[in-house]
Amino acid sequence: MSPSPNNTEITIIQPDDWHIHLRDGDALQTTVPHAADSFNRLICMPNLVPPVKTTEQAIGYRERIMQALQNSNISDDRKQSFDPRMVLYLTDNTKPEDIINAKKSGVVQAVKLYPAGATTNSADGVTDIKNCVQVIDEMQKQGIPLLVHGEVTHSHVDIFDREKKFLDEVLSPLIQQFPELKVVCEHITTADAAEFVLAQSNNVAATITPQHLLFNRNHMLVGGIKPHFYCLPILKRQTHQKTLIEVATSGSPKFFLGTDSAPHATHAKENACGCAGCYSASIALPLYASAFDAVGKIDKLEGFASLFGPKFYGLPVNESHITLVKTPMQVPNSYDYFDNSTITPLMAGEHLDWTIKAS
């Protein structure tokens, strides 16, 4: 990282986003340019309708993403370096052969575990991890990481306790059974999860979102319910937020950037039964920079955003760079979406301390 003498400008290696939702179809015309403006590689979530369950479906999805990029106003340099990486959706019926085909493809980077009913479009998710033992064994053999949405879905478990319960009852036994399996605990939200990851081998890592670094459940609930802060896993107590900031800015290679940016039309978010997800793709780097700078750790941003993810996935570090400046920016109130709708981004209308410097 190349900081200015007074830390008002930093140049870092181009980051990657190791957890993002782009959706499909017309949505890609908005989401792909927003992501490609900042990130080279993306781990593209497979919970579409229908889900991405096979390598053939993953290749088709990647082609649609790349076509949306070509139709955008993104610079030619960005178009050339942009590399969306695909993920298969794990189900009770996934077969070991699916993992072998994924490895051969060169574009499928990982497999995603959604406990059935845990989040958006997760109805086809795993009902019992025991149904997937042969598949996970093949993943361990092939070196394909398992990405986990770490929550149980039992109705009797409080929503604020579901992450810890998953770690204790599902993930811990799984790691003991498959010690060589690479695992990413995605979008961790609790001190329990941070401590769990730190206690495991180097095969276990975690992504952290900007919303879980910047906010806690008070921001979502005090003074009225604010639907654009509603995501799953849900925002937790301030004490958990504090621990997430500490580990994200610690320089530990076990924690890296994953926005979990998830587009939902504004009218679907601001609804009697609003959708879960925060949209941050277009402003993610200023959000992360603001979080790191707030605790005096802007010098740790490059490792978290640009170095530790490639190291975990066994991929080369990007060759391009991006510069952020400590100049206030106002987050747009909304972005145009498809079917004459809009998306409301995280912190819409508010000011951030950092912005991306124009090329």
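Okay, let's start in the middle: the largest nonpolar core has 100 residues, and Leu22, Tyr61, Ile65, Leu171, Ile188, Leu213 and Leu301 touch the most other members. By nonpolar core I mean buried Ala, Val, Leu, Ile, Met, Phe, Trp, Tyr and Cys residues joined through side-chain atoms within 4.5 Å. Buried is under 20% relative accessible area and exposed is over 50%, with a 1.4 Å probe and protein chains only. Helix 12, residues 284-294, gives the most to this core, with seven residues. Helices here are DSSP runs of H or I with at least four residues, strands are runs of E with at least two, and both are numbered from the N terminus.

Quick housekeeping. This is a predicted model, where local features need pLDDT of at least 70 and side-chain atom pairs count only at pLDDT 80 or more, while totals for chains, interfaces and linings use all residues. Residues are numbered from 1 along each chain as its sequence is written, and side-chain values use heavy atoms, leaving out hydrogens and water.

Now look at Tyr61. Leaving aside residues up to four places away in sequence, Tyr61 touches Leu22, Arg23, Asp24, Leu28, Cys44, Met45, Leu48, Val52 and Met86; contact means heavy atoms within 4.5 Å.

Next, helix 5, residues 133-142. Which of its residues are buried? Val135, Ile136, Glu138 and Met139 are. They sit on the same side of helix 5 because they cover an arc of only 155° around the axis, taking directions from the helix axis to the C-beta atoms. Those buried residues pack against helix 4 (96-105), strand 6 (108-113), strand 7 (146-148) and helix 6. Turned away from that side are the exposed Gln134 and Lys141. Just after the helix, Gly143 has a positive phi of about 70°.

On a 1 Å grid over the protein atoms alone, a cavity is a set of points where a 1.4 Å probe fits but cannot get out, a pocket is an open set with protein on both sides within 12 Å along at least five of seven lines, and lining residues have an atom within 4 Å of a point. Volume is the space filled by probe spheres set on the points, with grid points joined across faces, edges and corners.

The second largest pocket has about 280 Å³. Of its 14 lining residues, Thr127, Asp128, Ile129, His154 and Val170 are closest to the centre. Helix 6 (residues 162-177) supplies the largest share of that lining, three residues.

As for cavities, there are four of 30 Å³ or more.
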